[in-house]
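Biologist: Please take me through some of the labels attached to this model, setting each value beside the cut-off that decides it.

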Amino acid sequence: MGAVLRIEGLAKGFTLHNQGGLRLPVLAGVQFAVDAGECVVITGASGCGKSSLLRTVYANYAASGGRVLVRHDGAWVDMAAAPPRMVMAVRRATLGYVSQFLRVIPRVPALDVVAEPLIADGVPAGEARDRAAAMLARLNLPQRLWSLPPATFSGGEQQRVNIARGFVRAYPVLLLDEPTASLDAENRAAVVRLIDEARERGAAILGIFHDAEVRAQLATRSVNLETFRAPA
Amino acid sequence: MPAPDPPLLQVRNLAKAYGAIAACRGISFDLWPGEVLGVVGESGSGKTTLLACVSGQLPPDGGQVLYAPDGAAPVDVLAMPEPDRRRLLRSEWGFVHQNPRDGLRMGVSGGANVGERLMAAAGWRHYGRIRAAALDWMARVEIDRTRIDDPPATYSGGMQQRLQIARNLVTHPRIVFMDEPTGGLDVSVQARLLDLLRALVRAEGVAVVVVTHDLAVARLLADRLLVMRDGVVVESGLTDQVLDDPQHPYTQLLVSSVLQV
(Lines give C-alpha, C1' and ligand atoms only; values in the text may rest on other atoms or scores of the structure.)
Protein backbone atom coordinates (compact mmCIF):
# COMPACT_ATOMS: atom_id res chain seq x y z
CA MET A 1 0.00 0.00 0.00
CA GLY A 2 1.25 3.49 -0.81
CA ALA A 3 1.98 6.54 1.27
CA VAL A 4 -0.95 8.53 2.64
CA LEU A 5 1.13 10.97 4.71
CA ARG A 6 4.29 12.65 3.39
CA ILE A 7 6.32 15.05 5.46
CA GLU A 8 8.72 17.03 3.29
CA GLY A 9 11.43 19.35 4.61
CA LEU A 10 9.26 20.32 7.55
CA ALA A 11 10.49 23.07 9.86
CA LYS A 12 8.90 24.48 12.98
CA GLY A 13 10.12 27.23 15.25
CA PHE A 14 8.57 29.66 17.66
CA THR A 15 9.22 33.40 17.84
CA LEU A 16 8.34 34.79 21.27
CA HIS A 17 7.60 38.42 20.53
CA ASN A 18 7.00 39.30 24.16
CA GLN A 19 10.37 37.80 25.19
CA GLY A 20 12.42 40.18 23.07
CA GLY A 21 11.74 38.24 19.87
CA LEU A 22 13.41 35.09 21.21
CA ARG A 23 13.54 32.38 18.54
CA LEU A 24 13.14 28.73 19.47
CA PRO A 25 13.89 26.35 16.61
CA VAL A 26 12.18 23.00 17.20
CA LEU A 27 12.13 21.05 13.93
CA ALA A 28 14.16 21.37 10.75
CA GLY A 29 14.42 19.24 7.62
CA VAL A 30 12.01 16.56 8.80
CA GLN A 31 11.36 14.20 5.93
CA PHE A 32 9.60 10.84 5.89
CA ALA A 33 6.42 9.17 4.68
CA VAL A 34 3.88 6.84 6.26
CA ASP A 35 2.11 4.17 4.21
CA ALA A 36 -1.40 2.92 4.75
CA GLY A 37 -1.23 -0.06 7.15
CA GLU A 38 1.96 1.17 8.84
CA CYS A 39 2.49 2.21 12.45
CA VAL A 40 5.46 4.54 12.54
CA VAL A 41 6.74 5.40 16.00
CA ILE A 42 8.57 8.68 16.51
CA THR A 43 11.54 8.40 18.86
CA GLY A 44 14.08 10.85 20.23
CA ALA A 45 15.02 12.44 23.53
CA SER A 46 12.50 14.36 25.56
CA GLY A 47 12.21 17.92 24.20
CA CYS A 48 13.32 17.05 20.66
CA GLY A 49 9.92 18.07 19.27
CA LYS A 50 7.93 14.85 18.97
CA SER A 51 4.64 16.37 20.15
CA SER A 52 5.33 19.53 18.16
CA LEU A 53 5.70 17.38 15.04
CA LEU A 54 2.28 15.78 15.56
CA ARG A 55 0.69 19.16 16.25
CA THR A 56 2.27 20.63 13.11
CA VAL A 57 1.04 17.69 11.03
CA TYR A 58 -2.47 18.30 12.43
CA ALA A 59 -2.07 22.05 11.69
CA ASN A 60 -2.63 22.85 15.34
CA TYR A 61 0.78 24.51 15.00
CA ALA A 62 1.67 26.55 11.93
CA ALA A 63 4.66 25.10 10.06
CA SER A 64 7.60 27.46 9.55
CA GLY A 65 8.65 25.72 6.34
CA GLY A 66 8.16 22.58 4.28
CA ARG A 67 5.04 20.56 3.53
CA VAL A 68 2.73 18.10 5.24
CA LEU A 69 0.90 16.19 2.54
CA VAL A 70 -2.15 14.16 3.52
CA ARG A 71 -4.05 11.97 1.08
CA HIS A 72 -7.60 13.30 1.38
CA ASP A 73 -10.55 12.55 -0.89
CA GLY A 74 -8.32 11.27 -3.70
CA ALA A 75 -5.89 14.21 -3.70
CA TRP A 76 -2.92 15.51 -1.70
CA VAL A 77 -3.62 18.36 0.70
CA ASP A 78 -0.73 20.33 2.21
CA MET A 79 -1.79 20.89 5.81
CA ALA A 80 0.95 23.52 6.16
CA ALA A 81 -0.60 25.71 3.47
CA ALA A 82 -4.29 24.73 3.20
CA PRO A 83 -6.91 27.34 4.11
CA PRO A 84 -8.71 26.76 7.43
CA ARG A 85 -11.84 25.30 5.86
CA MET A 86 -9.77 22.71 3.99
CA VAL A 87 -7.90 21.82 7.18
CA MET A 88 -11.26 21.33 8.92
CA ALA A 89 -12.48 19.08 6.08
CA VAL A 90 -9.32 16.94 6.31
CA ARG A 91 -9.68 16.69 10.10
CA ARG A 92 -13.35 15.76 9.79
CA ALA A 93 -12.90 12.93 7.32
CA THR A 94 -9.27 11.83 7.08
CA LEU A 95 -6.94 12.87 9.86
CA GLY A 96 -7.58 11.90 13.49
CA TYR A 97 -5.53 13.08 16.47
CA VAL A 98 -5.49 11.79 20.02
CA SER A 99 -3.72 14.29 22.25
CA GLN A 100 -2.23 13.61 25.66
CA PHE A 101 -5.03 15.36 27.46
CA LEU A 102 -8.75 15.70 26.97
CA ARG A 103 -10.03 19.23 26.56
CA VAL A 104 -13.27 19.07 28.52
CA ILE A 105 -16.31 21.07 27.51
CA PRO A 106 -18.54 22.20 30.38
CA ARG A 107 -21.83 20.29 30.66
CA VAL A 108 -21.24 17.94 27.72
CA PRO A 109 -21.53 14.27 28.79
CA ALA A 110 -18.76 11.77 27.97
CA LEU A 111 -21.01 9.91 25.52
CA ASP A 112 -21.64 13.10 23.52
CA VAL A 113 -17.94 14.05 23.58
CA VAL A 114 -17.22 10.72 21.89
CA ALA A 115 -20.19 10.89 19.48
CA GLU A 116 -19.35 14.44 18.36
CA PRO A 117 -16.90 13.58 15.51
CA LEU A 118 -19.50 11.22 14.03
CA ILE A 119 -22.31 13.77 14.22
CA ALA A 120 -20.02 16.41 12.68
CA ASP A 121 -19.47 13.97 9.83
CA GLY A 122 -23.21 13.56 9.23
CA VAL A 123 -23.94 10.31 11.11
CA PRO A 124 -27.48 10.39 12.62
CA ALA A 125 -27.40 11.20 16.35
CA GLY A 126 -28.88 7.87 17.49
CA GLU A 127 -26.40 5.77 15.54
CA ALA A 128 -23.54 8.05 16.61
CA ARG A 129 -24.44 7.56 20.30
CA ASP A 130 -24.69 3.77 19.85
CA ARG A 131 -21.25 3.64 18.29
CA ALA A 132 -19.85 5.93 20.98
CA ALA A 133 -21.34 3.68 23.68
CA ALA A 134 -19.79 0.59 22.09
CA MET A 135 -16.39 2.30 22.02
CA LEU A 136 -16.62 3.41 25.66
CA ALA A 137 -17.63 -0.13 26.65
CA ARG A 138 -14.61 -1.52 24.80
CA LEU A 139 -12.39 0.80 26.76
CA ASN A 140 -13.97 -0.33 30.05
CA LEU A 141 -15.34 3.08 31.01
CA PRO A 142 -18.05 2.33 33.63
CA GLN A 143 -21.50 2.96 32.15
CA ARG A 144 -22.52 5.16 35.09
CA LEU A 145 -19.97 7.73 33.84
CA TRP A 146 -21.27 7.97 30.27
CA SER A 147 -23.92 10.57 31.04
CA LEU A 148 -21.55 12.75 33.09
CA PRO A 149 -19.26 15.52 31.81
CA PRO A 150 -15.66 14.22 32.08
CA ALA A 151 -14.40 17.25 34.06
CA THR A 152 -14.46 15.29 37.33
CA PHE A 153 -13.10 12.02 35.90
CA SER A 154 -9.69 10.61 36.85
CA GLY A 155 -6.76 11.08 34.44
CA GLY A 156 -7.10 7.53 33.13
CA GLU A 157 -10.86 7.88 32.64
CA GLN A 158 -10.46 11.16 30.77
CA GLN A 159 -7.78 9.63 28.60
CA ARG A 160 -10.08 6.74 27.66
CA VAL A 161 -12.81 9.23 26.66
CA ASN A 162 -10.18 10.97 24.56
CA ILE A 163 -9.10 7.71 22.90
CA ALA A 164 -12.71 6.67 22.27
CA ARG A 165 -13.29 10.02 20.55
CA GLY A 166 -10.25 9.43 18.33
CA PHE A 167 -11.19 5.88 17.38
CA VAL A 168 -14.98 6.11 17.07
CA ARG A 169 -14.49 7.03 13.43
CA ALA A 170 -12.22 4.99 11.12
CA TYR A 171 -9.78 7.77 10.15
CA PRO A 172 -7.40 6.76 7.34
CA VAL A 173 -4.55 8.63 9.08
CA LEU A 174 -4.15 8.75 12.87
CA LEU A 175 -1.80 10.80 15.03
CA LEU A 176 -1.35 9.45 18.56
CA ASP A 177 0.46 11.36 21.28
CA GLU A 178 1.10 9.04 24.23
CA PRO A 179 -2.38 7.50 24.19
CA THR A 180 -1.52 4.89 26.82
CA ALA A 181 0.34 7.20 29.21
CA SER A 182 -2.04 7.26 32.17
CA LEU A 183 -3.59 3.80 31.79
CA ASP A 184 -3.28 0.60 33.83
CA ALA A 185 -2.13 -2.68 32.23
CA GLU A 186 -5.61 -3.92 31.34
CA ASN A 187 -6.69 -0.68 29.68
CA ARG A 188 -3.32 -0.30 27.99
CA ALA A 189 -3.86 -3.72 26.39
CA ALA A 190 -7.33 -2.66 25.20
CA VAL A 191 -5.88 0.46 23.55
CA VAL A 192 -3.04 -1.51 21.96
CA ARG A 193 -5.63 -3.86 20.41
CA LEU A 194 -7.62 -0.88 19.13
CA ILE A 195 -4.55 0.66 17.50
CA ASP A 196 -3.51 -2.64 15.96
CA GLU A 197 -6.97 -3.19 14.52
CA ALA A 198 -6.94 0.28 13.00
CA ARG A 199 -3.62 -0.45 11.36
CA GLU A 200 -4.84 -3.82 10.07
CA ARG A 201 -7.84 -2.21 8.39
CA GLY A 202 -5.34 0.03 6.58
CA ALA A 203 -4.97 3.14 8.70
CA ALA A 204 -1.62 4.92 8.62
CA ILE A 205 -0.54 5.59 12.20
CA LEU A 206 2.08 8.03 13.41
CA GLY A 207 2.59 7.91 17.14
CA ILE A 208 4.61 8.69 20.24
CA PHE A 209 4.75 5.90 22.83
CA HIS A 210 7.08 6.15 25.82
CA ASP A 211 6.30 2.65 27.08
CA ALA A 212 8.90 0.34 25.47
CA GLU A 213 6.58 -2.66 25.62
CA VAL A 214 3.76 -0.80 23.84
CA ARG A 215 6.25 0.45 21.28
CA ALA A 216 7.47 -3.07 20.60
CA GLN A 217 3.93 -4.35 20.21
CA LEU A 218 2.78 -1.65 17.81
CA ALA A 219 5.66 -0.28 15.75
CA THR A 220 6.15 -1.52 12.22
CA ARG A 221 8.95 1.05 11.86
CA SER A 222 10.46 3.84 13.91
CA VAL A 223 11.80 7.25 12.97
CA ASN A 224 14.28 9.02 15.21
CA LEU A 225 13.48 12.72 15.10
CA GLU A 226 16.99 13.68 16.22
CA THR A 227 18.45 12.45 12.92
CA PHE A 228 16.75 15.37 11.16
CA ARG A 229 18.12 18.15 13.33
CA ALA A 230 19.64 20.72 11.05
CA PRO A 231 23.24 21.66 11.88
CA ALA A 232 23.28 24.58 14.30
CA MET B 1 -10.12 19.58 -3.80
CA PRO B 2 -13.79 20.09 -2.92
CA ALA B 3 -16.18 22.00 -5.13
CA PRO B 4 -15.51 25.71 -4.69
CA ASP B 5 -18.66 26.50 -2.74
CA PRO B 6 -19.28 30.23 -2.62
CA PRO B 7 -19.22 32.17 0.64
CA LEU B 8 -22.52 33.36 2.10
CA LEU B 9 -21.08 36.71 3.09
CA GLN B 10 -18.09 38.62 1.76
CA VAL B 11 -16.93 41.68 3.65
CA ARG B 12 -14.56 43.88 1.67
CA ASN B 13 -12.47 46.79 2.91
CA LEU B 14 -14.86 47.88 5.59
CA ALA B 15 -14.00 51.18 7.26
CA LYS B 16 -15.61 53.23 10.00
CA ALA B 17 -14.26 56.23 11.87
CA TYR B 18 -15.59 58.21 14.81
CA GLY B 19 -14.20 61.65 14.10
CA ALA B 20 -10.44 61.28 13.86
CA ILE B 21 -10.48 57.81 15.45
CA ALA B 22 -10.56 54.89 13.00
CA ALA B 23 -12.64 52.16 14.66
CA CYS B 24 -12.28 49.79 11.69
CA ARG B 25 -9.86 49.95 8.77
CA GLY B 26 -9.59 47.80 5.66
CA ILE B 27 -11.39 44.79 7.10
CA SER B 28 -12.13 41.92 4.73
CA PHE B 29 -13.35 38.41 5.45
CA ASP B 30 -15.60 35.67 4.11
CA LEU B 31 -18.23 33.66 5.95
CA TRP B 32 -19.45 30.29 4.69
CA PRO B 33 -22.81 28.61 5.45
CA GLY B 34 -22.87 26.86 8.84
CA GLU B 35 -19.55 28.32 9.94
CA VAL B 36 -18.86 30.08 13.24
CA LEU B 37 -16.42 32.98 12.95
CA GLY B 38 -15.12 34.48 16.18
CA VAL B 39 -13.89 38.07 16.42
CA VAL B 40 -11.61 38.58 19.43
CA GLY B 41 -9.70 41.53 20.83
CA GLU B 42 -9.76 43.86 23.81
CA SER B 43 -12.21 46.68 24.47
CA GLY B 44 -11.66 49.42 21.94
CA SER B 45 -10.24 47.10 19.29
CA GLY B 46 -13.19 47.87 17.01
CA LYS B 47 -14.82 44.47 17.10
CA THR B 48 -18.26 45.68 18.16
CA THR B 49 -18.18 48.47 15.55
CA LEU B 50 -17.27 45.87 12.93
CA LEU B 51 -20.24 43.71 13.95
CA ALA B 52 -22.62 46.67 13.89
CA CYS B 53 -21.46 47.71 10.39
CA VAL B 54 -21.51 44.22 8.89
CA SER B 55 -24.97 43.48 10.31
CA GLY B 56 -26.47 46.62 8.82
CA GLN B 57 -27.04 48.42 12.13
CA LEU B 58 -24.45 51.14 11.63
CA PRO B 59 -23.55 52.72 8.27
CA PRO B 60 -19.81 52.33 7.60
CA ASP B 61 -17.75 55.01 5.85
CA GLY B 62 -16.64 52.64 3.13
CA GLY B 63 -16.49 49.05 1.97
CA GLN B 64 -18.89 46.37 0.87
CA VAL B 65 -20.94 43.65 2.59
CA LEU B 66 -21.90 41.18 -0.11
CA TYR B 67 -24.61 38.66 0.75
CA ALA B 68 -25.25 35.66 -1.48
CA PRO B 69 -27.87 33.21 -0.14
CA ASP B 70 -27.98 29.80 -1.89
CA GLY B 71 -25.35 30.75 -4.41
CA ALA B 72 -27.43 33.68 -5.72
CA ALA B 73 -25.64 36.67 -7.21
CA PRO B 74 -24.12 38.66 -4.33
CA VAL B 75 -25.97 41.82 -3.28
CA ASP B 76 -24.31 44.66 -1.43
CA VAL B 77 -26.32 44.93 1.75
CA LEU B 78 -25.05 48.46 2.36
CA ALA B 79 -26.47 49.61 -0.99
CA MET B 80 -29.90 47.99 -0.47
CA PRO B 81 -33.00 50.15 -0.09
CA GLU B 82 -33.73 50.58 3.61
CA PRO B 83 -37.01 48.53 3.66
CA ASP B 84 -35.25 45.57 1.99
CA ARG B 85 -32.43 45.70 4.50
CA ARG B 86 -34.86 45.84 7.40
CA ARG B 87 -36.73 42.81 6.04
CA LEU B 88 -33.42 40.92 5.72
CA LEU B 89 -32.49 41.76 9.31
CA ARG B 90 -35.83 40.47 10.57
CA SER B 91 -35.85 37.20 8.63
CA GLU B 92 -32.66 35.80 7.13
CA TRP B 93 -30.34 37.49 9.62
CA GLY B 94 -30.45 37.69 13.38
CA PHE B 95 -28.67 39.75 16.01
CA VAL B 96 -28.06 38.70 19.61
CA HIS B 97 -27.14 41.66 21.79
CA GLN B 98 -24.95 41.42 24.87
CA ASN B 99 -27.74 42.94 26.93
CA PRO B 100 -30.97 40.99 26.28
CA ARG B 101 -32.97 44.18 26.94
CA ASP B 102 -31.60 45.57 23.68
CA GLY B 103 -32.91 42.60 21.71
CA LEU B 104 -36.19 41.83 23.47
CA ARG B 105 -39.41 43.73 23.91
CA MET B 106 -39.70 43.85 27.67
CA GLY B 107 -43.36 44.86 27.75
CA VAL B 108 -44.81 41.85 25.96
CA SER B 109 -44.78 38.18 27.00
CA GLY B 110 -41.90 35.77 26.39
CA GLY B 111 -44.03 33.86 23.91
CA ALA B 112 -44.90 37.03 22.01
CA ASN B 113 -41.20 37.91 21.75
CA VAL B 114 -40.66 34.67 19.85
CA GLY B 115 -43.95 34.70 17.97
CA GLU B 116 -43.84 38.26 16.69
CA ARG B 117 -40.72 37.57 14.68
CA LEU B 118 -42.59 34.76 12.94
CA MET B 119 -45.44 37.16 12.13
CA ALA B 120 -43.16 39.98 11.01
CA ALA B 121 -40.66 37.93 9.04
CA ALA B 122 -42.47 34.85 7.84
CA GLY B 123 -45.98 36.33 7.69
CA TRP B 124 -47.47 33.76 10.07
CA ARG B 125 -51.03 34.65 11.07
CA HIS B 126 -52.48 31.51 12.71
CA TYR B 127 -52.44 32.08 16.49
CA GLY B 128 -52.35 28.39 17.41
CA ARG B 129 -49.43 27.65 15.13
CA ILE B 130 -47.50 30.69 16.34
CA ARG B 131 -48.05 29.75 19.97
CA ALA B 132 -47.01 26.14 19.29
CA ALA B 133 -43.83 27.32 17.59
CA ALA B 134 -43.08 29.69 20.47
CA LEU B 135 -43.60 26.88 23.00
CA ASP B 136 -41.35 24.60 21.00
CA TRP B 137 -38.58 27.19 20.92
CA MET B 138 -38.93 28.00 24.62
CA ALA B 139 -38.35 24.29 25.28
CA ARG B 140 -35.36 24.18 22.93
CA VAL B 141 -33.68 26.99 24.83
CA GLU B 142 -34.57 25.30 28.14
CA ILE B 143 -37.14 27.83 29.36
CA ASP B 144 -39.99 26.36 31.39
CA ARG B 145 -43.04 26.40 29.09
CA THR B 146 -45.28 27.63 31.89
CA ARG B 147 -43.45 30.98 31.66
CA ILE B 148 -44.66 31.67 28.11
CA ASP B 149 -47.18 34.33 29.16
CA ASP B 150 -44.83 36.13 31.58
CA PRO B 151 -42.96 39.21 30.37
CA PRO B 152 -39.17 38.78 30.08
CA ALA B 153 -38.70 41.41 32.79
CA THR B 154 -39.66 38.63 35.25
CA TYR B 155 -36.99 36.26 33.84
CA SER B 156 -33.44 35.82 35.16
CA GLY B 157 -30.57 37.21 33.07
CA GLY B 158 -29.71 33.78 31.69
CA MET B 159 -33.34 33.10 30.74
CA GLN B 160 -33.59 36.48 29.03
CA GLN B 161 -30.51 35.70 26.98
CA ARG B 162 -31.89 32.29 26.01
CA LEU B 163 -35.18 33.94 25.03
CA GLN B 164 -33.31 36.41 22.84
CA ILE B 165 -31.61 33.48 21.12
CA ALA B 166 -34.97 31.74 20.56
CA ARG B 167 -36.42 34.98 19.13
CA ASN B 168 -33.56 35.08 16.64
CA LEU B 169 -33.49 31.43 15.64
CA VAL B 170 -37.25 30.89 15.26
CA THR B 171 -37.19 32.14 11.65
CA HIS B 172 -34.29 29.78 10.79
CA PRO B 173 -31.95 32.61 9.78
CA ARG B 174 -28.88 31.97 7.64
CA ILE B 175 -26.63 34.29 9.66
CA VAL B 176 -26.76 35.32 13.31
CA PHE B 177 -24.50 38.07 14.64
CA MET B 178 -23.71 37.89 18.34
CA ASP B 179 -22.12 40.59 20.46
CA GLU B 180 -20.61 39.14 23.66
CA PRO B 181 -23.60 36.77 24.06
CA THR B 182 -22.36 35.45 27.42
CA GLY B 183 -20.95 38.78 28.58
CA GLY B 184 -23.21 39.76 31.43
CA LEU B 185 -23.84 36.29 32.85
CA ASP B 186 -22.52 34.34 35.84
CA VAL B 187 -19.97 31.66 34.96
CA SER B 188 -22.31 28.70 35.58
CA VAL B 189 -25.04 30.36 33.51
CA GLN B 190 -22.44 31.08 30.80
CA ALA B 191 -21.48 27.41 30.54
CA ARG B 192 -25.10 26.40 30.05
CA LEU B 193 -25.66 29.05 27.40
CA LEU B 194 -22.47 28.14 25.54
CA ASP B 195 -23.40 24.49 25.46
CA LEU B 196 -26.87 25.37 24.21
CA LEU B 197 -25.49 27.72 21.55
CA ARG B 198 -23.04 25.09 20.30
CA ALA B 199 -25.82 22.53 19.91
CA LEU B 200 -28.34 24.92 18.32
CA VAL B 201 -25.85 26.38 15.86
CA ARG B 202 -24.91 22.90 14.73
CA ALA B 203 -28.51 21.64 14.53
CA GLU B 204 -29.69 24.68 12.57
CA GLY B 205 -26.63 24.90 10.31
CA VAL B 206 -26.67 28.66 10.80
CA ALA B 207 -23.58 30.78 10.13
CA VAL B 208 -22.49 32.91 13.09
CA VAL B 209 -20.24 35.90 13.59
CA VAL B 210 -19.59 36.13 17.32
CA VAL B 211 -17.70 38.96 18.97
CA THR B 212 -16.12 38.14 22.33
CA HIS B 213 -13.21 39.26 24.46
CA ASP B 214 -13.25 35.84 26.17
CA LEU B 215 -10.81 33.45 24.47
CA ALA B 216 -12.39 30.43 26.19
CA VAL B 217 -15.74 31.33 24.64
CA ALA B 218 -14.04 31.76 21.26
CA ARG B 219 -12.39 28.34 21.56
CA LEU B 220 -15.65 26.63 22.39
CA LEU B 221 -17.79 28.26 19.71
CA ALA B 222 -15.67 29.37 16.77
CA ASP B 223 -14.25 27.43 13.82
CA ARG B 224 -12.13 30.38 12.74
CA LEU B 225 -10.94 33.56 14.44
CA LEU B 226 -10.16 37.12 13.52
CA VAL B 227 -7.93 38.91 16.03
CA MET B 228 -8.50 42.68 16.06
CA ARG B 229 -6.41 45.47 17.46
CA ASP B 230 -6.77 49.21 16.91
CA GLY B 231 -9.36 48.72 14.19
CA VAL B 232 -7.45 46.25 12.05
CA VAL B 233 -7.30 42.44 11.81
CA VAL B 234 -3.79 41.49 12.96
CA GLU B 235 -4.17 37.72 12.67
CA SER B 236 -6.73 35.23 11.41
CA GLY B 237 -6.99 31.48 11.01
CA LEU B 238 -8.19 28.22 12.46
CA THR B 239 -9.29 28.77 16.07
CA ASP B 240 -7.06 26.15 17.71
CA GLN B 241 -4.03 27.26 15.66
CA VAL B 242 -4.48 30.94 16.50
CA LEU B 243 -4.85 30.14 20.22
CA ASP B 244 -2.18 27.41 20.53
CA ASP B 245 0.42 28.87 18.16
CA PRO B 246 -0.28 32.60 17.88
CA GLN B 247 2.02 34.40 15.43
CA HIS B 248 1.36 38.10 15.96
CA PRO B 249 2.88 39.82 19.01
CA TYR B 250 -0.56 41.09 20.07
CA THR B 251 -2.17 37.64 19.83
CA GLN B 252 0.72 36.17 21.81
CA LEU B 253 0.15 38.79 24.49
CA LEU B 254 -3.62 38.13 24.57
CA VAL B 255 -3.19 34.35 24.85
CA SER B 256 -0.46 34.57 27.47
CA SER B 257 -2.54 36.97 29.56
CA VAL B 258 -5.35 34.46 30.18
CA LEU B 259 -5.44 33.27 33.77
CA GLN B 260 -5.22 29.51 34.15
CA VAL B 261 -7.65 27.85 36.56
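**Labels and their cut-offs**

Modeller: A62(A) lies in the loop that joins helix 1 (50-57) to strand 4 (65-72) of chain A, where helices (H or I, at least four residues) and strands (E, at least two) are DSSP runs numbered from the N terminus. Residues are numbered from 1 along each chain as its sequence is written, while chains are lettered from A and ligands numbered from 1 in the order in which they are written. This is a predicted model, in which local features need pLDDT of at least 70, side-chain atom pairs count only at pLDDT 80 or more, and totals for chains, interfaces and linings use all residues, with side-chain values taken from heavy atoms and with hydrogens and water left out.

Biologist: Why does A62(A) count as buried, and what is A62(A) in contact with?

Modeller: Buried means under 20% relative accessible area, exposed over 50% and partly exposed in between (1.4 Å probe, protein chains only), so A62(A), at 17%, counts as buried. Leaving aside neighbours within four places in sequence, A62(A) is in contact (heavy atoms within 4.5 Å) with K12(A) and T56(A), and also with Q241(B), D245(B) and Q247(B).

Biologist: What makes E116(B) buried, and which residues does E116(B) touch?

Modeller: Its relative accessible area is 18%, and therefore E116(B) is buried. E116(B) sits in helix 4 (residues 110-122) of chain B and touches R105(B) and R167(B), not counting residues up to four places away in sequence.

Biologist: How do you know whether N140(A) is buried, partly exposed or exposed?

Modeller: N140(A) has a relative accessibility of 35%, so it counts as partly exposed. N140(A) is in the loop between helix 4 and helix 5 (155-167) of chain A, and has a positive phi of about 60 degrees although it is not a glycine. E178(A), another residue other than glycine, also has a positive phi, near 50 degrees, but at 8% relative accessibility E178(A) counts as buried; E178(A) is found in the loop between strand 7 (173-177) and helix 6 (185-200) of chain A.

Biologist: Why is helix 3 of chain A called oblique to helix 4 of chain A?

Modeller: The axes of helix 3 (residues 110-120) and helix 4 (residues 125-138) of chain A come within 8 Å and cross at roughly 125 degrees, axes being lines fitted to C-alpha atoms, for helices over the stretch in contact, with angles from 0 to 180 degrees between N-to-C directions. Angles under 35 degrees count as roughly parallel, over 145 as roughly antiparallel, 65 to 115 as roughly perpendicular and the rest as oblique, which makes helix 3 of chain A oblique to helix 4 of chain A.

Biologist: What makes helix 3 and helix 5 of chain A roughly parallel?

Modeller: Helix 3 and helix 5 of chain A pack at about 25 degrees, with their axes 7 Å apart, and are therefore roughly parallel to each other. In this contact, A110(A), V113(A), V114(A), E116(A) and P117(A) of helix 3 meet V161(A), A164(A) and R165(A) of helix 5.

Biologist: Which residues touch the most other members of the largest nonpolar core?

Modeller: They are V161(A) and F167(A), in a core of 89 residues, a nonpolar core being a set of buried Ala, Val, Leu, Ile, Met, Phe, Trp, Tyr and Cys residues joined through side-chain atoms within 4.5 Å. Beyond four places in sequence, F167(A) touches residues including V98(A), M135(A), L174(A) and I195(A).
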